[in-house]
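Subject: Structure handover

Hello,

Here is the structure we talked about. Please open it and keep it beside you while you read my notes.

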Amino acid sequence: MRTVFITGASAGFGAACARRFAAAGDRLVLAARRLDKLQALKSELGDAPVYLAELDVRDSEAVRAVVAALPTEFAAVDVLVNNAGLAVGLEPAWEVDLDDWERMIDTNIKGLAYCTRALLGGMVERRRGHVINIGSIAGSWPYAGGNVYGATKAFVQQFTRNLRTDLHGTGVRATCIEPGMAETEFSQVRFKGDDEKAAGVYKGTRALTAEDIAECVFWCAGLPEHVNINQLEVMPTEQTWGATMVYREQGG
């Protein structure tokens, strides 16, 4: 039985990962800001061994406190799924609300780093473990309005690569999973509760689901210990890369 620590576990990829690992009989630490949703998820998971932590990953002291307070049976974390993250807004860089940029940087970069730092030492000491970071295709491929969101996910990609080099010889693995278009709460958060605008993102296409990404996470974590998936980019079949944009003056 593995102990799996999942951030952002109240919905989307995080909740789907919780269901997938619970189905395999694993022990779960589920962390998120919305305790009510975590409690509902725990009830859904039935007899699965689950420990809940109300946590905003942007708070480094809170992250340290949660890890320090883990009960003995949950303390030796085998898999950390750094899933907590978000995109806010889609405006061009000169029009954005700076609070949106700061929220993405604090969650997607700082929060991921805080959680990794809090749990990594134990993994290295035990000479086993796996850090699975949820990145995005936006970390490799730019799009209009992606500005800071894409930059935060580029950090996740490069941070994971550097973790691999730091962890050389420790037996601890590190993986970056980079989803493309996936239909979760992602667009509702990005458009600040505008359900109509969020639904338009997925209209007429078949996007990835949270369960698709959970299956990728579970597969990477379940491979033999001598196998490390460094980076896994996943798109729905109906999505691909866009053409290079060329601006032309009118009449040119």
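The sulfur of C216 lies 6.8 Å from the closest cysteine sulfur, which belongs to C220. A disulfide needs two cysteine sulfur atoms within 2.5 Å, so C216 and C220 are too far apart for a bond. C216 also counts as buried, because its relative accessibility is 16% and the cut-off for buried is under 20%. Bear in mind that this is a predicted model.

Now look at strand β5, residues 129-134. Is it covered or open? Mostly covered: six of its six residues are buried. One side carries G129, V131 and N133. The other carries H130, I132 and I134. Both faces are covered.

Next, the neighbours of β5. Strand β4 (residues 79-82) pairs with β5 in the parallel sense, over four bridges. N82 has N133 of β5 as its bridge partner. Between β4 and β5 the chain passes through helix α5, residues 98-126. This β-α-β crossover is right-handed.

Strand β6 (residues 172-179) also runs parallel to β5, and six bridges join them. Find V131: it stands opposite A174 in β6.

Best wishes

Note on methods:
Residues numbered from 1 in each chain as written. Predicted model: local features only at pLDDT ≥ 70, side-chain atom pairs only at ≥ 80, totals over all residues. Heavy atoms only, no water. Buried < 20%, exposed > 50% of the residue type's maximum accessible area, 1.4 Å probe, protein only. Helix = DSSP H or I, 4+ residues; strand = E, 2+ residues; numbered from the N terminus. Pairing = 2+ DSSP bridges. Right-handed = clockwise from strand over helix to strand, strands pointing away.
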